[in-house]
Amino acid sequence: MIRRALFTTLLLSSIAAPIGAQVTSERLLRAADEPQNWLTYSGTYESQRHSRLTQINPTNANSLELKWVFQARSLEAFEASPIVVDGVMYITQAPNDVVALDAKTGAVFWVYQYRTSPDSRPCCGSVNRGLAILGDTLYMATVDAHLVALDAKDGQPIWNIEVASAASGYAMTLAPLVIKDKVLVGVAGGELGIRGFLAAFDAKTGKQVWRFNTIPGPGEPGHETWSGDSWKTGGAPVWLTGSYDPTLNLTYWGIGNPGPDFNPAQREGKNLYSSSAVALDADTGALKWFFQFTPNDPYDFDAVQIPVLVDTDWFGTPRKLLFWANRNGFFYVLDRATGKFVSGFPFVKVNWAKGLDADGVPLQTMQPPGQPTYPGVQGGTNWYSPSYNPRTGLFYLSVWDGYGSIFTAVESEYKEGRFFTSGRIGSPIAPAAPMVPFSRRTPINTWTEEAGHGAIVALDPRTGQRKWVFPMTDVSTSGIVTTASDMLFTSTREGHFQAMDARNGAVLWKASLGGAVAQAPMTYAVGGKQYVAVASGSGMFVFGLRD
Amino acid sequence: MRSIVAVMFVLAGGLGLLRAQVHLGQYAEADIVYGSAIYANQCAQCHGPNGDLIGGVNLRGGDLKRAATDEALRGIMTAGIPGTAMPAFKLDPSEMIAIIAYVRNMRDFESKSVRLGDATHGQTLFEGKGNCTTCHRVNGKGARLGPNLTQVGSVRPASLLELSLVDPTSAMLPLNRSIRAVTKDGTVITGRRLNENTYSVQLIDTQERLVSLEKSDLREYSVLKTSPMPSYKDTLTSAERADVLAYLLSLKGPKS
């Protein structure tokens, strides 16, 4: 054990980039090679949320202790995942303040305060999921749909552009993705009748380079999948960071629900590219392929999950794959060069479809009025980051087991800047019983048993078998990070942060942090010491091994 | 569409009774009905159909800390609440009036479809023939084995309270279920669940003690899905149950 720890320390020291070195696009390409840093939302372009750090391992995890806490001055859900660059952590404080801290001690270098427009009206909280970096510049997407560039050294703004109109219901909550010399962002607002898009901006100037409309306009392929004028207000937002394959020069993004959410009669057709995965040319934004998970989605099953890129031997053939645990309850394996369906299976109870056909198209079985649909409106999983560990070959995700909703469609009229969902959601349990909220704001769990519960699942992507399951009492909104020492870190919405053995699901250590976790843990190192960071309630807690 | 029509029909049919019994005051019936439709589209996403989906913010309860006045409620909907998930809303003046009218009257909505009796007699039954205080507490009087009912008229719809008198198991919220635990040394602990997480459960036991148990310390742990409350279907007449229901609905919070 000692030898292993020493080796790790040496490794960390030898590969550390010089303090103060700029984050070049080449460093972003090889982010996995500098595991002491965490340079993008998901850690690397492959978005496996897997770190090569090994100092914390199953034999010493029980000596983890709290190192420092950052207390955000915000009552919003803390959904941001920090980035760490050469000992400096950059984090957002909801909605859109940026804080630079000493990643070793939590001491604050600077705070940038952003004043959001009073027109801002994001559907589900004024949250933010983090930053991107290129050179010495940080990039933040704001809830009033601006993209802001900041000097990473002093927090001073460099440029600030309006990406879309907040007054019309557009917002941005995702962490941007930097590819080469461009900053990619997408817009939220699927509950407010927006027309979604993903756009790339010049990192130096903020000038738009390309834009991909997630709903094709007149004359574009796919436009015919929207009835009448429904395409104009059809949603299809992009509110979670995508991935990138430099060898194919393709960037992968999940597209959200069509709008209005719950009444497909107001938007007949498949509603491309809502509830789909898209692969775009990173230089031009041209659509290379798409795969629609939930055609004419009436359940708010956004395909807003992390696209996880995996190069692996697939039944004897090396493949470039895309693993996707969808909110609709199915796990998909796609060929990421072509978008072709490779395999798929349900990972939770599903009754909205009886299966997938040979092309991955769901065989839909809409439930009778008043009967519960599984999974429910929040999905079998959601935006909570999963993790893929190449060592175990397992895909780890937070699921909502046994959770359903009763969907009722109603007619509603679009009015700019207002909610446009056309439906009601009911609980399948006792009349007037509390439904499972999308985020937890009190320490009391009022939705137990029949309402469903959360679980961490280790999924074999080849067979769909659950290798192990860690059931929770409450549902979970926490993501997952794994490491090369077979550690798995995750949390519960109850506020427990726990270190687990990725091989068998054993809980090796835990801490009760007292607030819901709505973010994915990440790990980094400073001075040869590995840390793990997680946000709970309004605080971000950083743990390391006892000195 | 059908659901909204149904709600409007019930409301329209019940408003005569509602007006007579629950004193809508300054809110016009048409505004309340209109407001219910706007609420379903603009507010229910976060607040839930019953107004209780956000912890600490029970719209049905009527005790809104940040919105004691209609003007304050209007201000919150117009500007949002910075630092929280409450956004600013873009509503027409007529819609604003309607939604305020609806929110201020949410808790009385179901009372139109149930039979209400005499609240004073209901209290007598509650404390006497019904033996309700054996388990329930109201304004400092009664036991704590069942949920405290001091403000149950604010936080529970009339239909659910009516159901609880005849079929308490169906009406029981999962949180309130009884639990039975056996520790590794054989001690049996029973009580009403107050909270539960993956690793522990919090309850009030039969001696009215607050107890927190680590599940790893237990030999057995079970959640009882049957309510310990008896049905009053046969022990109270329908008129008596209507009286008790009227009393329960009159319980809007501690007496000042």
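Predicted model: local features only at pLDDT ≥ 70, side-chain atom pairs only at ≥ 80, totals over all residues.
**Exercise 1.** Are α6(B) and α10(B) roughly parallel or roughly perpendicular to each other?

*Solution.* Helix α6 of chain B, residues 119-127, packs with helix α10 of chain B, residues 238-249, at an angle of about 100°, and their axes are 7 Å apart. Angles of 65 to 115 degrees count as roughly perpendicular, and α6(B) and α10(B) are therefore roughly perpendicular to each other. On the α6(B) side the contact includes Ala119(B), His121(B) and Phe126(B), while on the α10(B) side Glu240(B), Asp243(B) and Tyr247(B) are among the residues that take part. Sorted by class, the contact of α6(B) with α10(B) has seven nonpolar, three polar and two charged residues.

**Exercise 2.** Determine how many residues of chain B are in contact with chain A, and which elements supply them.

*Solution.* Begin with the count: 38 residues of chain B are in contact with 46 residues of chain A. Elements of chain B that each supply at least two residues of this side include α1 (2-22), α8 (158-166) and β4 (188-196), and the largest share, three residues, comes from α2(B). By class, the side of chain B that touches chain A has 20 nonpolar, 15 polar and three charged residues.

**Exercise 3.** Describe the sheet of chain A that contains β32 and β33.

*Solution.* The order β1-β31-β32-β33-β34 describes an open sheet of five strands in chain A with mixed pairing. Its edge strands, β1 (50-51) and β34 (507-512) of chain A, each pair on one side only. Within the sheet, β32 (residues 487-491) and β33 (residues 496-501) of chain A pair in the antiparallel sense over five bridges, and Ser491(A) stands opposite Phe497(A) in β33(A).

Methods:
Residues numbered from 1 in each chain as written. Chains lettered and ligands numbered in written order. Contact = placed C-beta atoms within 7 Å. Helix = DSSP H or I, 4+ residues; strand = E, 2+ residues; numbered from the N terminus. Nonpolar A, V, L, I, M, F, W, Y, C, P; charged D, E, K, R; others polar. Axes fitted to C-alpha atoms, helices over the stretch in contact; angles between N-to-C directions. Parallel < 35°, antiparallel > 145°, perpendicular 65-115°, else oblique. Pairing = 2+ DSSP bridges.
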